[in-house]
Amino acid sequence: MLEHVINGLVLGGTYALVAMGLTMQYGIARIMNLSFGDMIIAACFATHVLFTALGISPIAALLIIVPASYAINLGIYQVMMKPLVSRAADEGALEVDSILLTFGVLFVIQGILLIMFGGGYNSYSFLNTPVKMLGTVVAGNRLLALVLSLAIGAVLVFILYRTRWGMILRAVSLSPQSAPLFGIDTDRTARTAFAIGGAMAATGGVVVSMFQTFTATAGVVFTMKALIVVILGGKGSIPGAIAAGLLLGLVETFVAAYVDPGLTLAAVYSVFLLLLLVRPNGLFGKV
Amino acid sequence: MKTSYAFILAGGVLALLATAPVFISDYWTGVLLGMTGYVTLATAWALFSGPTRYVSLATVAFFGVGAYTVAVLNDIMPYPLVLLCAAGIGITMALVVGLSTLRLAGVYFVIFTFGLAELVRQTVSWWEVNVTYTMGRYVFLPFEGRHIYWQLLALAAVTFLISWSIGRSRIGLALKALGDDETVAAHSGVDVTRIKLLLFVISSTIITLVGAIQAPRWTYIEPSIVFNPTVSFMTLIMALLGGAMRLWGPLVGAIPLFLLFEWLSGTFPDHFSIILGLMFILIVFVMPNGVLAKFDSLRKGSKL
């Protein structure tokens, strides 16, 4: 029982982490990114390659992959998203355009990963030592994943709520029309938020790859879960994303443990359906 | 007068297409069959997603359910009854998805449909492995390529007829208003949710039937074959290329792209999805309203 709670929190921690990234891209940069999960998977593979081929530990890999992902996403925003943003007549048009565009990006990334690594299951063994904790045994890599997710999540929350820069990000999320009136460069803020979101996806990917197997085609499921967490927590809400991420991780682990591992996605969807019927604005969302 | 000419012309083309399998080889009948399938899929997709701007990413969820229903039921029921069952399941699924998401902002619908195919695929696989203990099923129906082709052609004709008549009806007018501005439409007395739901159910049922009719082509069916996400993607790209807002748009997009994909998947099987993705990105950038709209604006001399 306790073991499932811990595993659920580990999984939920990574969901919270990636959902924070997605909520930054969607809430602040107003880009609905359907290729988000494939960026997570790309980071999984990058970690895998760095670890098995070059012997770089996943922790050190974070220092390479996360800045690289920030730069790549900045580039993606500048080249692909910005023309759409300047062309969009209103928020709805941008939403449709970004959905279509990132749907295309999804297939490109997936295709590249399939060519490079094939369609099979991948994993590597890192820090697979059992750690005794609270009367149960947890794998070291899972514990590390949880600690990493919590630490990185905490840093982001601190930046968003305690620094001037975070206030700017929140201001654009709250009211993109009035932010420029206070001298905020919304374009730059959107660009930064999109890149940070991408960097969070990469972080999530590195963390997930430490304890889970992954395939080149698993991106869709990751995007789906991150999207559900974002909606569950309320669009643009960071505390909501954390709470919803942990909740989803727990639900999934318990369904896998007590019902059937093959039904986890069905369980996730049931949570989503229930949410849409009861609280469409999310747990923490405003009406 | 003009309309009746158009009908005579369309009828003539239809008759010509229907007699085609008598003159051409089986290979080309197969190509024609696949093309008719995608023309129907793209037209049915555009029927709902074009005017409402609700991008449905769940084409293959319905397509696959149709095909799988035939695989499960084909040896215990007569074929027409199987098709009816498939349509019934498609309608039910569309109602569940539509009723839970179409009341809300469009993005919820997109997200729901995004994972729907994967959900259905995993659930069907789970059911087959744990409950019925069968993985993979066989479809033995006495159909040749041309029989399937004729059925698809009939379905395509019905789809065009539905799309055309909706465009001329009160519903079509309401739909145009809805696509332009949902709030204004609602204030003018349009029951927004009901119209969206109706269109989504019609479109999904047609898509389910395309899957059901094409099922005998495979002979052997398992979830990973019929729930292939490329189907959703190809439908979307075809409808967008031609222009999802026009009656003939999806047709104009589907025919060249189907031939191109047929060639690409034979020549570059490994790079297929990358090429597809890049082409799709290009279309979103260059011709967001489709190639027909592009021609119109070029002819009018405007720059867009």
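1. In this predicted model, α1(A) passes α5(A) in a left-handed crossing, the term being used where the near helix is turned anticlockwise from the far one by less than a right angle, with right-handed standing for clockwise. The two helices, residues 2-27 and residues 140-162 of chain A, have axes that come within 9 Å and cross at roughly 35°. Axes are lines fitted to C-alpha atoms, for helices over the stretch in contact, with angles running from 0 to 180 degrees between N-to-C directions, and helices are DSSP runs (H or I, at least four residues) numbered from the N terminus.

2. On the α1(A) side the contact (heavy atoms within 4.5 Å) includes Leu9(A), Val10(A), Gly13(A) and Leu17(A), and on the α5(A) side it includes Arg142(A), Ser149(A), Ile152(A) and Gly153(A). By class, this contact has ten nonpolar, five polar and one charged residues, where Ala, Val, Leu, Ile, Met, Phe, Trp, Tyr, Cys and Pro count as nonpolar, Asp, Glu, Lys and Arg as charged, and the others, Gly among them, as polar.

3. In chain B, α3(B) passes α4(B) in a right-handed crossing; the axes of these helices, residues 59-73 and residues 79-101, come within 9 Å and cross at roughly 145°. Among the residues making the contact are Phe62(B), Gly66(B) and Val70(B) of α3(B), with Cys85(B), Ile89(B) and Met93(B) of α4(B), and the contact divides into eleven nonpolar, three polar and no charged residues.

4. Between the chains, 42 residues of chain A are in contact with 37 residues of chain B. The buried area (accessible area, 1.4 Å probe, lost on being put together and summed over both parts) is about 3500 Å², of which carbon and sulfur atoms give 80%. In chain A, Leu100(A), Phe107(A) and Tyr269(A) lose the most area to chain B, together 18% of what that side buries.

5. Glu118(B) and Arg121(B) meet in a salt bridge at 2.9 Å, N to O, and because they lie three residues apart in helix α5 (residues 106-132) of chain B, they are separated by about one helical turn.

6. On conventions, residues are numbered from 1 along each chain as its sequence is written, while chains are lettered from A and ligands numbered from 1 in the order in which they are written. Local features need pLDDT of at least 70 and side-chain atom pairs count only at pLDDT 80 or more, whereas totals for chains, interfaces and linings use all residues, and side-chain values use heavy atoms, with hydrogens and water left out.

Methods: Buried area = accessible area lost by both parts, 1.4 Å probe. Salt bridge = Lys/Arg side-chain N within 4 Å of Asp/Glu carboxyl O.
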